[in-house]
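Keep the viewer open as you read.

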Amino acid sequence: MLKVKVLLVGPREAGKSVLANFVSESVEGIGSYSPTQGVRFETCWPALMKDSHGIIIIFNPELPSHLKEIEMWYSCFVQQQPLLDSQCLLVAHHKPGSAGDAENLSLAYPLNKLKLIHSNLEEDPEDVRMEFMKYFRSIVTLINESREREEMSIIS
């Protein structure tokens with residue numbers, strides 16, 4: 001059985017737990033904000049990153065501070081591993097009742113070259129689920145291709 005490790009990271013109150021619960025079809029904690037404890041300490045990050053196959057950076061596009069902060073998350077979790085940009089997914093999570101403008105989100109380089117999806121669980125939950133599944137399938141494909149190359153190099 002193939003095990004895949006994908007990290008969901010991002011600023012506080014971005015919607016990481018809500019999206020994780022939604023994608024995993026868990027209903028616990030979807031209603032109100034409850035900070036996830038224990039992973040807020042940067043000293044733990046190297047251990048968390050070890051052997052990860054992908055990174056999902058989740059942010060609230062309505063908070064200007066999040067747009068700046070996700071650059072740090074990208075630097076720490078994608079560039080320092082190093083992971084390919086194709087192993088990274090940016091999720092602009094629109095909270096219930098927000099009037100977010102999904103079209104006019106300008107991201108700085110190198111974030112602007114990453115796949116970006118907009119998440120609004122009130123308006124298009126199945127589109128969000130489908131985008132996550134596409135991302136997970138792409139990670140599994142990358143892992144399988146990497147294993148095949150490794151096996152071929154051993155045989156050769």
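Leu7 stands opposite Ile55 in strand 2. Strand 1 and strand 2 run parallel and are joined by four bridges; two strands count as paired if DSSP finds at least two bridges between them. Before going on, note that this is a predicted model, where local features need pLDDT of at least 70, side-chain atom pairs count only at pLDDT 80 or more, and totals for chains, interfaces and linings use all residues. Residues are numbered from 1 along each chain as its sequence is written, and side-chain values use heavy atoms, with hydrogens and water left out. Helices (H or I, at least four residues) and strands (E, at least two) are DSSP runs, numbered from the N terminus.

Four strands make up an open sheet with parallel pairing, in the order 1-2-3-4. Strand 1 and strand 4 (115-119) are its edges, each pairing on one side only. From one strand to the next, the twist averages 20°.

Helix 3 packs on this sheet, touching strand 1, strand 2 and strand 3, and its direction makes about 170° with that of strand 2. Axes here are lines fitted to C-alpha atoms, for helices over the stretch in contact, with angles from 0 to 180 degrees between N-to-C directions; contact means heavy atoms within 4.5 Å. Buried residues of helix 3 include His66, Ile70 and Trp73, where buried means under 20% relative accessible area, exposed over 50% and partly exposed in between (1.4 Å probe, protein chains only).
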